[in-house]
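My entries follow in the order in which I made them.

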Amino acid sequence: MNKCLSNDFVSQLCPKCGLCCNGVLFADVELRKGDDAQRLVELGLSLIKKGRQQAFAQPCACFDGKLCRIYNERPKRCRTFECGLLKRVQAGALGADAALKTIAEAKRQVEKVSKLLCGAGSDDARLALSQRYERAMSTPVDLSGGKASAELPGKLMTTYRDLMLTLQRDFLK
């Protein structure tokens with residue numbers, strides 16, 4: 001594939017998406033050999049220990065909602081990651097317009113999950129979506145809150161499952 005064309009797809013799709021940076025696809029990103037941890041901290045990333053590795057939590061502190069503030073100095077894992085959707089577009093197996101529709105649908109699903117999480121009291125946007133989901137699902141159900149309160153965990157579970165299936169199918173393969 002022509003490198004210019006490949007970069008064009010990145011510039012078309014990635015700013016519309018951001019699911020790899022906003023805490024939806026990943027809860028954290030491990031640093032790789034050669035990453036300058038001190039420089040990444042200076043640039044705004046907060047590093048955490050993950051076993052023997054250093055990592056930074058998602059949503060990424062350097063993601064502005066569309067673009068990476070440290071794109072030219074981003075960690076190796078970020079440099080090398082390409083989602084399945086981007087790979088299919090670059091390979092010519094999917095058109096950019098279809099990919100943009102897939103991104104929009106995934107973001108609608110994320111929004112549904114986020115609203116349900118807020119309703120369940122798990123609205124800390126500093127946490128990855130999976131962490132917010134785990135917190136919400138570990139909270140006891142308040143049956144005195146009426147039918148809607150009692151049904152919320154089941155609705156959240158189903159909506160989250162649907163989102164995870166979409167992410168697996170379209171972004172993580």
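**Entry 1**

I looked up Asp28 and Lys50 and found their side chains joined in a salt bridge, at 2.9 Å from N to O. The pair links distant parts of the chain, with Asp28 in strand β1 and Lys50 in strand β2, 22 residues apart. I used the rule that a salt bridge is a side-chain nitrogen of Lys or Arg within 4 Å of a carboxyl oxygen of Asp or Glu. By this rule I have 10 salt bridges.

I note that this is a predicted model, in which local features need pLDDT of at least 70 and side-chain atom pairs count only at pLDDT 80 or more, while totals for chains, interfaces and linings use all residues. Residues are numbered from 1 along each chain as its sequence is written, and side-chain values use heavy atoms, with hydrogens and water left out.

**Entry 1: overall layout**

I find 7 helices and 3 strands in the protein. Helices (H or I, at least four residues) and strands (E, at least two) are DSSP runs, numbered from the N terminus. Along the sequence I read the pattern α-β-α-β-β-α-α-α-α-α. The C-alpha atoms fill a box of roughly 60 × 40 × 25 Å, taken along the principal axes.

**Entry 2: the sheet**

In what order do the strands of the open sheet stand? I read β1-β3-β2, with antiparallel pairing of the 3 strands. β1 (28-30) and β2 (47-50) stand at the edges with a single partner strand each, so one side of each has no neighbour in the sheet. Neighbouring strands are turned by 40° against each other on average, direction ignored.

Two strands count as paired if DSSP finds at least two bridges between them. β1 and β3 (residues 53-57) pair in the antiparallel sense over 3 bridges. Here I noted Glu30 with its bridge partner Ala55, and Val29 opposite Phe56.

β2 and β3 also pair in the antiparallel sense, over 4 bridges. On this side Ile48 stands opposite Ala55, and Lys50 has Gln53 as its bridge partner.

For reference, most residues other than glycine have a negative phi, and most peptide bonds are trans.

**Entry 3: a cis peptide bond**

I checked the peptide bond from Gln58 to Pro59 and found it cis, with omega near 0°. Pro59 is in the loop between β3 and α3 (76-80).

**Entry 4: α5 with α6**

Axes are lines fitted to C-alpha atoms, for helices over the stretch in contact, and angles run from 0 to 180 degrees between N-to-C directions. The axes of α5 (residues 96-119) and α6 (residues 129-138) come within 10 Å and cross at roughly 40°. That makes α5 oblique to α6; angles under 35 degrees count as roughly parallel, over 145 as roughly antiparallel, 65 to 115 as roughly perpendicular and the rest as oblique. The crossing is left-handed, meaning that the near helix is turned anticlockwise from the far one by less than a right angle.

Which residues of α5 and α6 meet? I listed Val113, Ser114, Leu117 and Cys118 in α5 against Leu129, Arg132, Tyr133 and Ala136 in α6, with contact taken as heavy atoms within 4.5 Å. They divide into 6 nonpolar, 1 polar and 1 charged. Ala, Val, Leu, Ile, Met, Phe, Trp, Tyr, Cys and Pro count as nonpolar, Asp, Glu, Lys and Arg as charged, and the others, Gly among them, as polar.

The axes of α6 and α7 (residues 147-170) come within 11 Å and cross at roughly 155°. α6 and α7 are therefore roughly antiparallel to each other. In α6 I listed Leu129, Ser130, Tyr133, Ala136 and Met137, which meet Pro153, Leu156, Met157, Tyr160 and Leu163 in α7. This contact has 9 nonpolar, 1 polar and no charged residues.

α5 and α7 pack at about 155°, with their axes 9 Å apart. That makes α5 roughly antiparallel to α7. The crossing of α5 and α7 is left-handed. Among the contact residues I noted Val110, Val113 and Leu117 of α5 and Leu156, Tyr160 and Leu163 of α7. By class, the contact of α5 with α7 has 9 nonpolar, 5 polar and 4 charged residues.
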